[in-house]
Amino acid sequence: MSKVLLLFGGNSSEHEISCKSIINVIKNIDTNLFEYRIVGITKDGRWIECNLEDIINNDWYNLTEIENIIKYLKQFDLVFPVMHGAGGEDGKLGGMLELFNIDYVGSKMEASAIGMNKYLSKIFFDFIGIPQVPYIKYNNNIDEIIDMGFPLIVKPCNGGSSIGINKVNNIEELKNAINEALIYDKNIIVEKFINAREFECAVLETDNIIVSDVGEIKFNNSFYDYEDKYKNHVDIIIPADIKDEIRSKIKDYSKTIFTKLGCHSLCRIDFLYDKDENKLYLNEINTLPGFTNISMYPMLMKNVGYTYKNLITTLIKDAKHVS
């Protein structure tokens, strides 16, 4: 029986989302196949072994800290990091595990680092010919951004769950949005806002690369922000009601992005469809997507025949080749 470490938390703005994701993973791991332990990483960097009840009750922060982390990690056959955002999804954790020859679920350091950084990923996807909305990296030059024309979307370069992201319609809103984004990252991306439908596609690596059907999120606000993701009700449609041509293009782009970037195990890829111009754009890639009750990745995989339990089992069984 394989020994698996389930890892969550971390020093990230998405810490709380990770805490929600790990609960579903714990509830769906096959205990007939895997022996597992759970470790949470606090926002101040302490590694703490805990159980499901501790997480649900939010009591795990007060438990005893693990003293020798590398020695502790070495006892496991594989690590399943359910960590979103900085420290988990940006390649840092993967790099540490690779350094000590510890297998893990997810993409290797290079793919994760590029995928997480919105500026680096845009340069990469431009290079391989994936269409993206006009963008610019903020370099303390407001005039350069204003020349793009309002409305605009302001984002931290390294982040997710729409945290620190704002739509702006004028200079004052732009300045405020930049200041907010700087709370989460010193690097900022500004994009041209488009009136778009949001489509998402899931990729799972087994013996082959499996690409899900396309799902659509019908959000309430002008873009899919944090309020819509985690507080408001949104309609999720799987499969999305779109033309076959757009569906095929999204699935083809998703497979190309996964393979060209060198991803492993899993990812979710998000697209924007310009309703006015009939154009499709890549929005972003998530190399460690969410596993909460409302997360699109497990819902998209369920649509192609993977129950939650089967999905977790597949990710663990097929991750050993990564390191």
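## Helix α4

Directly after α4 comes Asn101, whose phi is positive, near 55°. Helices here are DSSP runs of H or I with at least four residues, strands are runs of E with at least two, and both are numbered from the N terminus. The model is a predicted one, in which local features need pLDDT of at least 70 and side-chain atom pairs count only at pLDDT 80 or more, while totals for chains, interfaces and linings use all residues. Residues are numbered from 1 along each chain as its sequence is written, and side-chain values use heavy atoms, with hydrogens and water left out.

Helix α4 covers residues 92–99, and Leu93, Gly94, Gly95 and Leu97 are buried in it. Buried means under 20% relative accessible area, exposed means over 50%, and partly exposed lies in between, for a 1.4 Å probe and protein chains only. The buried residues of α4 pack against β1, β3, α3 (69–73), β4 and α5 (109–116); contact means heavy atoms within 4.5 Å.

## The largest pocket

Helix α4 also supplies three residues to the lining of the largest pocket, the largest share. Among the lining residues are Lys92, Leu93 and Met96, together with Gly10, Asn11, Ile41 and Trp47. The pocket holds about 180 Å³ of space.

A pocket is found on a 1 Å grid over the protein atoms alone, as an open set of points where a 1.4 Å probe fits, with protein on both sides within 12 Å along at least five of seven lines; lining residues have an atom within 4 Å of a point. Grid points are joined across faces, edges and corners, and the volume is the space filled by probe spheres set on the points.

## The four-stranded sheet

Four strands form an open sheet in the order β3-β2-β1-β4, with mixed pairing. Its edge strands, β3 and β4, each pair on one side only; two strands pair if DSSP finds at least two bridges between them. Strands β1 and β2 run parallel and are joined by eight bridges. Gly9 has Ile41 of β2 as its bridge partner.

Helix α1 packs on this sheet and touches β1, β2 and β4, its direction making about 150° with that of β1. Helix α12 lies across β1, β2 and β4 and runs at about 130° to β4. Such angles, from 0 to 180 degrees, are taken between N-to-C directions of lines fitted to C-alpha atoms, for helices over the stretch in contact.

The largest nonpolar core has 36 residues, and Leu6, Ile22, Ile55 and Phe80 have the most contacts inside it. A nonpolar core is a set of buried Ala, Val, Leu, Ile, Met, Phe, Trp, Tyr and Cys residues joined through side-chain atoms within 4.5 Å. Elements that each supply at least two of its residues include β1 (2–9), α1 (15–28), β4 (78–82) and α12 (308–317). The largest share, five residues, comes from α1. Beyond its neighbours within four places in sequence, Phe80 is in contact with residues including Val4, Leu6, Val25 and Ile316.

A second, separate core has 24 residues, among them Cys201, Val211, Tyr253 and Ile257. Ile257 lies in helix α10, residues 244–261. Its relative accessible area is 0%, so Ile257 is buried. Not counting residues up to four places away in sequence, Ile257 touches Phe125, Ile130, Ile269, Phe271, Leu282 and Ile285.
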